[in-house]
Structures are given as structure tokens and as C-alpha cells.
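Morning, everyone. Please bring up the model on the screen. I'll go through the interface, then a few local features.

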Amino acid sequence: MASRSTRPISPHLQVYKWGPHMLVSVLHRITGSGMATVGSVLLVWWLAALAGGAESYATFRDVFTYANGRLNIIGYVIGIGLTLALFQHMASGVRHLFLDTGAGYELKRNKMGAMASLIISVVATAAFWLILGIK
Amino acid sequence: MGTGTPLGRVRGLGSAKEGTHHWWRQRVTAGSNLFLMLWLVVSILSRGSFDYASMRLWMQSAWVAVPMALLVISVFTHFRLGLQVVIEDYQHNETRVVFLILLNFFTVGLGATALFAIAKIAFGAK
């Protein structure tokens, strides 16, 4: 085992030339972990606050909004962050379902699918907030 | 029962006694999440107001309470499976076991709270 330190180790992310498919793969895990922790806690807080009555619901709303009902900075950061994470995870997840069938592994098509998921998530997030803002 | 053939092992009798169960449930809940989360997004966008009274009224409808409960079950199952894979990738030995148990507590505790809140609103007084 004397030569152990000089033996090649398993190649990891840093040895590859970065492409959109790698970014999307990493983002899928980050967005999933983020929604599973921050997103799920906020969803349950929202439901529990609504079930608890007007007072607890006001406490919940006050964290994310100004007195006039408009979103404050926390509301925007959390809101845009979670919707962007949701749409990225959703688009990337649908891509994964296609990849599961064995389709889309050709270099060009794989790259296109990864790029598409990034574009879809940004466009969907922008559309969501535009529609919400207009109403 | 099936230990002799590759297919038999895949069906759940390999060394982990799990087969493709984890992988398959992740895919099935991915499909149900897609529909349920799109429902939630469209529902939020079609709400006029987010104040207490109108949100209560909205959630009291069976057409909202039922999909919301299904959403919690589907999404929580999906993230329970997903976070398990993340923990298995980065945690080893005893800490892995501790994290996996904490994950179960987190998922079940939060999920039960969500379902109770939905039921309380749906069955509550008008």
C-alpha cells in the first residue's frame, strides 16, 4: 500500500470541461434539496398559520409583506427563489423522465435539453411574477 | 423465489431486498408532482386576493383541500426519497444512520402537520 497516495483517484467534477448538462445536473440536486427543506417548511408554516386563525396568518404574512400587502425584500427573495427552483427542478425532472427511456444521450441533443430546461425555468418564473404583478 | 436470475434480483430479492422500488416510486411521484404543482401554480395565479378570509374560503372547498392533501403526500414522498439519496452520497457510517432517521422524523412530522392543517380548515366552521 506504499503507492496508495500516487494512485489515480476517481475523477470528479473538476476534471471535466463544464457544460450545461453538468450545471443542470448539479442544479437539480440543489433545487430539490432547497425545496425539500426551505420550501416544505414554508408550505407547512403557511398551511398551519391559515388553520390557526387570523392572528397566526397575519404573523406569517408580516414576515414576507409590508403593511400595505406588497412583498418586502424577504418575500421577493424567497418567492422568486422558490419559483425559480420549482420550475428548474420541474423542467429538469421532465428531461430526466425522457432520459430514463434511453433517449436524448447524443451529445448535441443532451446539451440542447439541458439548455432548454434553463431557459424554460427563467421564462416560466418571469411569466409567473408578471401575471401575479398585473393582477 | 427469484434469487437465481438477474430479473428475480431486480424484482426485490437482491442483497438490499429493495430492487427498483425506490427508483420507481421516485418516478411515479415525479409524475404526480408535475400535475399537482402545476395545479398549485395555476391556482395561486388565479387567486385575486391572499388575505385571511379569502384564503380560508378557498381552502374550505373540497376541490382545493383534496388536491392540496394529495400534493403534500406526493411531494413529501418524493423529497423523502430524494434527500435519502443525497444523504447516502455525502454521509457515511453512523452519521448516515442518524441523518436518515432525522429525515424520517422531519418528513412524517411536517407531513402530518400539513394534513392536519388542511383537514382543520376543510372541516372547520364556516
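**The interface of chains A and B**

Chain B and chain A together bury about 2,700 Å², and 78% of that is on carbon and sulfur atoms. Keep in mind throughout that this is a predicted model.

Now the contacts. How many residues of each chain are in contact? On chain B, 36 residues; on chain A, 29.

The rule finds two salt bridges across the interface of chain B and chain A. One of them pairs the side chain of B:Asp89 with that of A:Arg29, at 2.8 Å from N to O.

Where does the side of chain B that touches chain A come from? Four helices of chain B each supply at least two residues: α2 (21-45), α3 (52-60), α4 (62-90) and α5 (93-123). Of these, α4(B) gives the most, with 11 residues. By class, this side of chain B divides into 27 nonpolar residues, three polar and six charged.

**A histidine in chain B**

Stay with chain B. Look at B:His22, placed in helix α2. Buried or exposed? B:His22 has 18% relative accessibility, and the cut-off for buried is under 20%, so this residue counts as buried. Which residues does B:His22 touch, beyond neighbours within four places in sequence? The contacts are B:Leu81, B:Gln84 and B:Val85.

**Helix α3 of chain A**

Over to chain A. Helix α3 covers residues 73-100, 28 residues in total.

Now its ends. At the N-terminal end of α3(A), A:Asn72 is the cap. A side-chain oxygen of A:Asn72 lies 3.1 Å from the backbone nitrogen of A:Ile74. After α3(A) comes A:Gly102, with a positive phi near 95°.

**One residue of α4 in chain A**

Last stop: A:Ile120, in helix α4 of chain A, residues 107-134. Its relative accessibility is 48%, between the 20% and 50% cut-offs, so A:Ile120 counts as partly exposed. And how far is A:Ile120 from A:Thr37? Along the chain they are 83 residues apart, and their C-alpha atoms are separated by 24 Å.

That's my tour. Over to you for questions.

Terms used. Residues numbered from 1 in each chain as written. Chains lettered and ligands numbered in written order. Predicted model: local features only at pLDDT ≥ 70, side-chain atom pairs only at ≥ 80, totals over all residues. Heavy atoms only, no water. Contact = heavy atoms within 4.5 Å. Buried area = accessible area lost by both parts, 1.4 Å probe. Salt bridge = Lys/Arg side-chain N within 4 Å of Asp/Glu carboxyl O. Nonpolar A, V, L, I, M, F, W, Y, C, P; charged D, E, K, R; others polar. Buried < 20%, exposed > 50% of the residue type's maximum accessible area, 1.4 Å probe, protein only. Expected span 1.5 Å × (residues − 1). Polar contact = N/O pair within 3.5 Å; in protein donor to acceptor, adjacent residues only side chain to side chain.
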